Amino acid sequence: MVPSPSHSDPLPPNPQIIQQFLSSVLSQRGPSALPYSEDTKWLIRQHLVSLTTAFPSLVPRTATFTHNDGRSINLLQSDGTVPMSFQGVTYNIPVVIWLMESYPRHPPCVYVNPTRDMIIKRSHPHVNPSGMVSIPYLQNWIYPSSNLVELVRNLSVMFGRDPPLYSQRRPNPNPSPSPSPSPSPSSSFGRNSANSSIASNMGAAAFPRPGIPPRAYPPSPYGSGNDVASVARLQPHTEDPNEVFKRNAISKLVEMVHSDIVGIRKTREAEMEGLFGAQGVLRQRQEELDKGLKEMQDEKEGLEQKLQMVLMNADVLEAWLRDNEGKISSDFQADDAFECVDVLSKQMLECTASDLAIEDVIYSLDKAVQDGAIQFDQYLRNVRLLSREQFFHRATAAKVRASQLQTQVANMASRISQYTNG
């Protein structure tokens, strides 16, 4: 391999012509419009302009791309060469970078575009036999931080580690040592004539060249050749300064408007995120309020039922008082008004009454010792005696309660057996 001579590099493209070309093709409407979403066309334009500024050998153009299912569509591409450094010498690798319909949200398709005298290296880690390139930068493409400039830089590094193309020598029918003419810049604006230098001077391969037909891209409906070179040939040598100033002012104004729109969009998106968060909090609070309201309604219904029971009991008591108002004598004892149904119930009533009476006495003793009516040692003695007696009453009440429970269980069992036998 030999380095491409410096005088074979193409003339640098005019940035203004490239911007006009991109603005023209990206602003098309109707059937001839490129299939990119409107919100990404400005970013696509910036990517291609930055790529041409960093790598003048890659020039944007439009061409027809055919998908695997047979669909043909007009897309943007960058056609040219990628410089690489191999063993301290710089070479140029011809490539085509296709910007697919989903670009820049998805990575572009990169193909190595060998000339007739070039062959693709077999079993290359990043280039398949058809010329399609696959490197980690493409696999890890992240929108919107990934861009074409960094892609080409990564291609240059990867190709420098392992060149994907080799040239094969052709037999020279005239062995006479005649000097070869110096290569001249290519007439095509998108193709670097250094490719022919690589094709004729790179090391000969030990295997025959596989039958890879050269790619041919049909012209796009946007004009003859449809690349920046054709636009450059149509431009006059001299332009009106007023027109140039007008175009520059419009371009600057568009950039300012786009920058303002991007800033406003980011602000509105942040506001929307905040509103969505507040909406979520309000919905959560609404659910909590609905739950609390339901619990309060249930509690209200329960209280209303209890109120009805209390009113019914009050009516029963008032009726009893009216019926027995003249029958009550002066020596009437309230305890005689209640009759126990059995011995256990009577014993439970006595134990409960004694327990509550002792509780009232202990409370009165507490107040008396606080007021200084009795001595503290006398207070302790009386409380000790009353507590012992209260303990016995409570123990007796517990035993009576257990006996009543057993009696109820036995009664229920006897009733069930009666129903079963019946």
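Tutor: Two strands count as paired if DSSP finds at least two bridges between them. The model here is predicted. In it, Val96 stands opposite Tyr111 in S4, and Trp98 stands opposite Cys109 in S4.

Student: How many bridges join S2 to S3?

Tutor: S2 and S3 run antiparallel and are joined by 11 bridges. Phe86 has Val89 in S3 as its bridge partner. The two strands form a hairpin with 2 residues between them.

Student: In what order do the strands of the open sheet come?

Tutor: The order is S1-S2-S3-S4, with 4 strands in antiparallel pairing.

Student: Why are S1 and S4 called edge strands?

Tutor: Each of S1 and S4 pairs on one side only. On average, neighbouring strands of this sheet are turned by 40° against each other, direction ignored.

Student: Which helix packs on the sheet, touching S1 and S2?

Tutor: That is H1, residues 15–26, whose direction makes about 35° with that of S1. As for H4, this helix lies across S2, S3 and S4 and runs at about 45° to S2.

Student: How do you know that the length of H4 agrees with its number of residues?

Tutor: H4 covers residues 148–161, 14 residues in total, and at 1.5 Å a residue it should span 20 Å. The expected span uses one less than the number of residues. The end C-alpha atoms of H4 are 20 Å apart, so the two values agree.

Student: What caps the N-terminal end of H4?

Tutor: Asn147 does: one of its side-chain oxygens lies 3.2 Å from the backbone nitrogen of Val149. The limit for a polar contact is 3.5 Å, so a separation of 3.2 Å falls within it.

Student: Which residues of H4 are buried, and what covers them?

Tutor: The buried residues include Leu148, Leu151, Leu155 and Phe159. Their cover includes helix H2 (41–54), strand S2 (72–86), strand S3 (89–99), strand S4 (109–112) and helix H3 (136–139).

Student: What makes S3 largely enclosed?

Tutor: Of its 11 residues, 9 are buried, so S3 is largely enclosed by the rest of the structure.

Student: Why does His67 count as buried?

Tutor: Buried means under 20% relative accessible area. His67 has 16% relative accessibility, so it counts as buried. His67 lies in the loop between strand S1 (59–66) and S2. Leaving out residues up to four places away in sequence, His67 touches Ile73, Met100 and Glu101.

Student: Why is Gln87 called exposed?

Tutor: The cut-off for exposed is over 50%. Gln87 has a relative accessible area of 71%, so it is exposed. Gln87 is in the loop between S2 and S3.

Student: What is the phi of Gln87, and what is that of Ser123?

Tutor: Most residues other than glycine have a negative phi. Gln87, which is not glycine, has a positive phi near 55°. Ser123 has a positive phi of about 55° and is not a glycine either. Ser123 lies in the loop between strand S5 (118–120) and H3. With a relative accessible area of 76%, Ser123 is exposed.

Conventions:
Residues are numbered from 1 along each chain as its sequence is written. This is a predicted model: local features need pLDDT of at least 70, side-chain atom pairs count only at pLDDT 80 or more; totals for chains, interfaces and linings use all residues. Side-chain values use heavy atoms; hydrogens and water are left out. Buried means under 20% relative accessible area, exposed over 50%, partly exposed in between (1.4 Å probe, protein chains only). Contact means heavy atoms within 4.5 Å. A polar contact is a pair of N or O atoms within 3.5 Å; within protein, one must be able to donate a hydrogen and the other to accept it, and residues adjacent in sequence count only if both atoms are side-chain atoms. Axes are lines fitted to C-alpha atoms, for helices over the stretch in contact, and angles run from 0 to 180 degrees between N-to-C directions.
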